Amino acid sequence: MAVDDVTDVLVVGAGPTGLALACGLRLQGVGVRVIDRLPAPATTSRANFVHVRGSEVLARLGALGDLPQRSVRAMRITTYLGDRPMMRIRFGDPGLRTAAPPMVVSQALVEGELRRRLAELGVTPEWGVSLTALTQDDDTVAAELDDGRTVRTRWLVGCDGTASAVRKAVGINAPGVRLSERFLLADLHLDWDMDRTGTSGWVHPTGMLGAMPMPDDEGRGDLWRLIAYDPASAELEQTADTSVAGTTGAPRAADAYGRRSRLTEEQILDRLRAILPERTGRDVRVLDSEWLSEFTIHRRLADRYRRGRVLIAGDAAHAHAPFGGQGMLTGLGDAENLAWKLALVARGRASATLLDTYEAERRPLATDVLRGTANVTRVNVARSPVGRFMRDHVLIRLFNQPWVQRWVTFTTSQLWVSYRSGPLGVGRAERVAARLGRRICVGDRVPNLDCTRRDGTPTRLYAELGGRWALFVPPSGTAKAEPSAEPGDQPTRLTRTDGVAEAWLVRPDGHLAWRGADPASATPWLADLLRTGRTR
Ligand SMILES: Cc1cc2nc3c(=O)[nH]c(=O)nc-3n(C[C@H](O)[C@H](O)[C@H](O)COP(=O)(O)OP(=O)(O)OC[C@H]3O[C@@H](n4cnc5c(N)ncnc54)[C@H](O)[C@@H]3O)c2cc1C
């Protein structure tokens, strides 16, 4: 059995979470290997909404690239009842200062930009390599790979999706329930009279249908992502089985997670050909297909995010409905939160206790996201006549209200995510004072503020983060750059241009770590955090 040299961090899974984590670790100089069982990067795409928070994470990692230019800005959703538009929701900047726009862009392109950035940082994922088992002791983890090698690593992070082998290998439970019957999923070139400036949804007694315009490489301008709830397709499973047995020779489709479906691609296409005119009331001609797949919705949450030297992130830790575009978004957030903490611990700069703040900060958010997406699924699926009546006649009208739409936009953006009541946050009195005074609290996201560097050149906060801490000092700031253990770890000192004199220490993930009158007090505060791994 070949044993490779000890690596700092082994990331299992080169999906968006694993790639973002690897970028964040490399930004701090940590040695990283990334493996993925796929033979090559996926070209098909589950996610296509990237809400603002996701764009901001990509921007801070230097992985936004030209995604905004390549995306469709169709952040408007119109819901039809038959042919009548009943509800319009606009996603976008809800008046906050955001660093990057929300986007409709394929997950494959997002992963492509993350891989490009990771390559700049010196790492290429190893494709066609599967983790099969792992063991750990006090100092290292031994990861067994399907090619017979064993990789020794100081830390291992499972970013290996819903069926996470890492999660199972360390015995972390992820109880869950199934929330829906089958949804059909397809990227089709369509000839129909549909507005491409927004996403459209239809509510129909047989199930909902969603259609969103997708950018395509050839620039044909007719590619659509379709999602159709189709419990009736269960009846076709028997014939799919026969065809696999050889009667028709038609291969079964793969589901959205790459597992074998019980339907053939032909059956999915036939169902969509019937569903499209039935639910939209329009003439639709299917020209050709890029991807035919399906999924059912499960809700699942890991009961812990760390066991010893092994952690999990993204879909490996939480799986939920795709409605609202929260999965990849939450995975990117997990990765950014974990990266700076694991980097400090892996480099021996912080106590391993700091890693426990990752679960403490991120798991409550996953709980909220699961609850929200489960509710949206129930509304979409609306099994009972009462549920359908409420959806079609009450909720749709409610969602037409501008204040409800602002709330939906803000909720899905995840800009509200705050760690104020976590182990790196503050006490209740301070939280209440911040709420009453409507002011930013330790733990909150800091907007992408305009500021200047020490030499007076203008910049913005997020451009200066990229894996580093930032310290806002007043214009006349005389705080000495007190040496920390390693000079490269000192916060970047910046001055705000809005005249606020208070000193702020900003975490590498853009959240407020500390505030005070004297910037010099930030250094001992940070040293204490690194030594103890928590602030309260
Ligand atoms: C239909 C649909 C639409 C969606 N739309 C959106 C959306 O609009 N916006 C949004 O934010 N989210 C959306 N999501 C959710 C999003 O796709 C996922 O949350 C996201 O892919 C999770 O990323 P991840 O990196 O955690 O896991 P994954 O993307 O699942 O990546 C896991 C990787 O690990 C690899 N792997 C697995 N096991 C092993 C092993 N043993 N060894 C090595 N490698 C392994 C896999 O090959 C894979 O590449 C949608 C999901 C679905 C199903």
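Q: Which residues line the largest cavity?
A: In this predicted model, the lining of the largest cavity is made up of Gly-24, Leu-27, Gln-28, Arg-60, Leu-61, Glu-336, Ala-339, Trp-340, Gly-466, Gly-467, Pro-508 and Asp-509.

Q: What volume does that cavity have?
A: The volume of the largest cavity comes to about 80 Å³, and the structure holds one cavity of 30 Å³ or more.

Q: Which helices supply at least two residues each of that lining?
A: At least two lining residues come from each of α1 (16–27), α2 (52–61) and α8 (327–346), and α8 has the largest share, with three residues.

Q: And by class, how many of the lining residues are nonpolar, polar or charged?
A: The lining of the largest cavity divides into five nonpolar, four polar and three charged residues.

Q: Switching to the ligand, how many residues surround it, and which are the closest?
A: The ligand is surrounded by 32 residues, and the closest of them are Thr-17, Asp-36, Phe-49, Gln-107 and Asp-315.

Q: What does Asp-36 do there, in terms of atoms and distance?
A: A polar atom in the side chain of Asp-36 sits 2.5 Å from an oxygen atom of the ligand.

Q: OK, and which ligand atoms lie by the polar backbone atoms of Gly-327 and Leu-329?
A: For Gly-327, a polar backbone atom is 3.4 Å from a nitrogen atom of the ligand, while for Leu-329 a polar backbone atom is 3.1 Å from an oxygen atom of the ligand.

Q: How much of the ligand does the protein bury?
A: Taken alone, the ligand exposes 1000 Å², and the protein buries 94% of that area.

Q: Which elements give two or more residues to the shell around the ligand?
A: Those elements are α1 and α8, and α8 gives the most, with three residues.

Q: How does the shell around the ligand divide into nonpolar, polar and charged residues?
A: The shell has 16 nonpolar, eleven polar and five charged residues.

Q: How far is Gln-107 from Arg-182 in space and in sequence?
A: The C-alpha atoms of Gln-107 and Arg-182 are 21 Å apart, and the two residues are separated by 75 residues in sequence.

Q: New topic: what is the phi of Gln-414, and where is its place?
A: Gln-414 has a positive phi of about 60 degrees although it is not a glycine, and its place is in the loop between α11 (402–413) and α12 (428–436).

Q: What about the phi of Arg-438?
A: Arg-438 is a residue other than glycine too, with a positive phi near 50 degrees, and it lies in the loop between α12 and β23 (450–452).

Q: Buried or exposed, for Gln-414 and for Arg-438?
A: Gln-414 is buried, because its relative accessible area is 1%, whereas Arg-438 counts as exposed, because its relative accessibility is 79%.

Q: Last one: where is Asp-255 found, and what does its side chain reach?
A: Asp-255 is in the loop between β16 (252–254) and β17 (260–264), where its side chain reaches the backbone nitrogen of Tyr-257 at 2.8 Å. With a relative accessibility of 12%, Asp-255 counts as buried.

Terms used
Residues numbered from 1 in each chain as written. Predicted model: local features only at pLDDT ≥ 70, side-chain atom pairs only at ≥ 80, totals over all residues. Heavy atoms only, no water. 1 Å grid on protein atoms, 1.4 Å probe; cavity = no way out; pocket = protein on both sides within 12 Å on 5 of 7 lines; lining within 4 Å. Points joined across faces, edges and corners; volume = space filled by probe spheres on them. Helix = DSSP H or I, 4+ residues; strand = E, 2+ residues; numbered from the N terminus. Nonpolar A, V, L, I, M, F, W, Y, C, P; charged D, E, K, R; others polar. Near = heavy atom within 4 Å. Polar contact = N/O pair within 3.5 Å; in protein donor to acceptor, adjacent residues only side chain to side chain. Areas by Shrake-Rupley, 256 points an atom, 1.4 Å probe, with all protein chains shown as cover. Buried < 20%, exposed > 50% of the residue type's maximum accessible area, 1.4 Å probe, protein only.
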